[in-house]
Amino acid sequence: MSRTALRICPLCEATCGLTLTIEGTRVTGARGDHEDVFSKGFICPKGASFAAVDSDPDRLRTPLVRRDGELHEATWEEAFDAVAAGLRPVVESHGPHSVGVVLGNPNVHTVAGALYPQVLLAGLGTRSLFTASTVDQMPKHVSSGLLFGDANAIPVPDLDHTDHLLLIGANPLESNGSLCTAPDFPGKLKALKARGGHLTVVDPRRTRTAKLADRHLAIRPGTDALLLAAMAHTLFTEDLVDLAHLAPHVRGLDELRAAMGDFTPEAVAEACDIDAPVIRALARELAAAPTAAVYARIGSCTVPHGTLASWLVDVLNVLTGNLDRPGGALFPQAATDRTPRPAGPGRGFTLGRWHSRVRQLPEAKGELPLSALAEEIDTATDGGAPVRALIAVAANPVLSAPDGDRLDKALDSLDFMVSVDPYLNETSRHAHVVLPPPPPSQSPHHDFAFNTLAVRNQVRYTRPAVPLEPGRMAESEILARLILAATGMHGADPATVDTMVIDQTLGKAVRERHSPVYGRDPRGPAAQLTGESGPERRLDLMLRLGPYGDGFGARPGGLTLARLLAHPHGIDLGPLRPRLPQPLKTVSGRIELLPEPLAGDLPRLRAALRERPAGLVLVGRRHLRSNNSWMHNVPALTGGSNRCTLHIHPEDAVRLGVRDGADVRVKGAGGEVVAPAEVTDAVRPGVVSLPHGWGHDRPGTRLGHAGTAPGVNVNQLLDGTLLDPLSGNAVLNGVPVQLAASL
């Protein structure tokens, strides 16, 4: 007999509510939850394929331990014994920084991935942290840190209420949104147009989103910051700047005006390949709209001036008075955010507190560039020990980082590697120990990260839809045991980790004057926590201390885990609201319009006014049925238009003698790949496009379906030397390539 269970989809940033159909202990179907307070029944192909993702036969079910050079199935006890025996000698012989930690994109889609990695890093004391952020959105974190004093204070467009939306380098009809959590993003854009609003898309490709737009501008890749600077210049010179309610909260307006002086529309027009009158029109329309928002994503981040582009997005929102007002760009308030502190100056945000050994690349937000991982392993210097051991959690950098071939070889040279991953993939195949988490149906779900980016304030939590299979271990216990094994506490009760975090959090909260438990004995609030597990007790703690929480009795009727469990479709906390100045944590307590690191990078942008590509440049692309490298093993999500082909404009195809469907050799600084050509005018002339996350052709993996149509690794065309200097983000778009018909 079948039954149903609710589950929040963990397969992209839209976080849609699902209703699962379950036969016994197996998920057999999924549909949208029409009562979900946030997604209201919306579902995409990924969510509809939840059952196939969940039951993929290639998912690992037991740990693997390397013996005599081969990976063999092992018990959990054997696996953690091997982790402790492999990691601790490296730490003791070479120091904590010799252990690298790599965190992949799927971490932010799980409860355990949100709660435990920071505990692991603190316990290890390592500075060798590398994450997917530096091949994605790190420029936005850095620009937010410099502008607002908090790298996680990222304003999102108020999609449900704006009159005018400018999208740059974003394709939410394929991605479902990113750094902007919005179920049914397509529906929200259609609703914008239906109420008389205006949508402009700036993208070198005519994407599905661009086809929906009132205006599509096929910009030259990598020049987004120039376009945005020229728009800011226009606002200043035409006296269109109107800070409105932001005036008391802004610092550096005159300095910004002077800094934009060289970026006239005429000066940037040729570099961007957008006419000066059009640039002026964009600025005027933005200023004239009753409400407006500028939103940019990965296409504007993974370029040489990614941090400047991310900064200028918010500069335009500030200059038009659209930051922190309904219909503009606002700061969400998640239920698990820390207790809001009183408004006032903060510590600010600092870059480069330490540097990588080899190239002396500065850290950003506690991370080193993922592009530097291979060299930090395989290159000896006088600046300390190389990375000799690696902990990879839900990460596949062999495909997601530049020059996977070099990283492939570097991983083979490690003294020890442990991978927490459900698959034996291109990266985890190098591990000495593989620890597989259970499928999503057997795990709880709460969106700690994505609710801080949501277009409406809400809170939802779903417990596991089916019990853990015999022999499985909850991801939270896997990571807790990993922490203990890595920090010299192997064999201790894994519940110790959650208890320690709860004690530390409450110990700090009772000393903070703005906390609802200020001055109390922390043992009292600790005894009130509810939940069936350590992670649930920690969620209860965060909800109670958070902005909507009951404050352990200080705010009767506020949020608790028990109240959330009583609302299985979630609790609506209302539309986004103006919050300034409370989110500001800059030293001045105001929005810093022209922080010194950004001002110092502007000469590089001025030099770009004179730069023109000599030949073809490469951009990436995403597909609605993919999420980076982790869904190509599901037959329902591959095939059709979701193929690894090289998009090339007909004019370039004729000039180069490239035929539709024929193999083309693509060469870049990091190597070359061969992919079938797909001749299409969806890309502008001079631009070719390959999708991200493919290249499933390496031996030793267990990805049966992905291996039947492996595609090619677009990041192999990169050698890892091209970075945005402020954020360390890899330059993945607008990079020069050469094409030739394959023999």
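**Reading a buried lysine and its surroundings**

Guide: K140 has a relative accessibility of 8%, and because buried means under 20%, K140 counts as buried. Please keep in mind throughout that this is a predicted model.

Visitor: Is D314 buried or exposed?

Guide: D314 is buried, with a relative accessible area of 2%, and K140, as we saw, is buried at 8%.

Visitor: How many residues of α6 are buried?

Guide: For a helix, the general point is that there are 3.6 residues a turn, so residues three or four places apart point the same way. In α6, however, 11 of its 11 residues are buried, and the helix is described as mostly covered. Among the buried residues are M138, P139, H141, L146, L147 and F148, as well as K140 itself.

Visitor: What covers the buried residues of α6?

Guide: The cover includes the helices α14 (298–301), α15 and α24, together with the strand β20 (591–592). Just after α6, the chain reaches G149, which takes a positive phi of about 85°.

Visitor: What is the lining of the largest cavity made of, by class?

Guide: The lining of the largest cavity has 10 nonpolar residues, 1 polar residue and 2 charged residues. The second largest cavity, with a volume of about 60 Å³, has a lining of 7 nonpolar, 3 polar and 1 charged residues. Its lining includes C9, C12, C16 and C44, along with K46 and N176.

Visitor: Returning to charge pairs, how many salt bridges are found in the whole structure?

Guide: The search finds 40 salt bridges. One of them joins the side chains of D160 and K188 at 3.0 Å from N to O. D160 lies in the loop between β8 and β9 (164–168), whereas K188 lies in helix α8 (residues 185–194), so this pair ties together parts that are 28 residues apart in sequence. D160 counts as partly exposed at 33% relative accessibility, while K188 is buried, with a relative accessible area of 16%.

Visitor: Which parts of the chain does the pair of D262 and R606 tie together?

Guide: The side chains of D262 and R606 meet in a salt bridge of 3.0 Å, N to O. D262 is in the loop between α11 (253–259) and α12 (265–272) and R606 is in helix α24 (residues 596–607), so the pair ties together parts that are 344 residues apart in sequence. D262 counts as partly exposed at 44% relative accessibility, and R606 likewise counts as partly exposed, at 24%. Elsewhere, salt bridges that share partners join E238, E266, R280 and R284 into one network.

How values were computed: Residues numbered from 1 in each chain as written. Predicted model: local features only at pLDDT ≥ 70, side-chain atom pairs only at ≥ 80, totals over all residues. Heavy atoms only, no water. Nonpolar A, V, L, I, M, F, W, Y, C, P; charged D, E, K, R; others polar. 1 Å grid on protein atoms, 1.4 Å probe; cavity = no way out; pocket = protein on both sides within 12 Å on 5 of 7 lines; lining within 4 Å. Points joined across faces, edges and corners; volume = space filled by probe spheres on them. Salt bridge = Lys/Arg side-chain N within 4 Å of Asp/Glu carboxyl O. Buried < 20%, exposed > 50% of the residue type's maximum accessible area, 1.4 Å probe, protein only. Helix = DSSP H or I, 4+ residues; strand = E, 2+ residues; numbered from the N terminus. Contact = heavy atoms within 4.5 Å.
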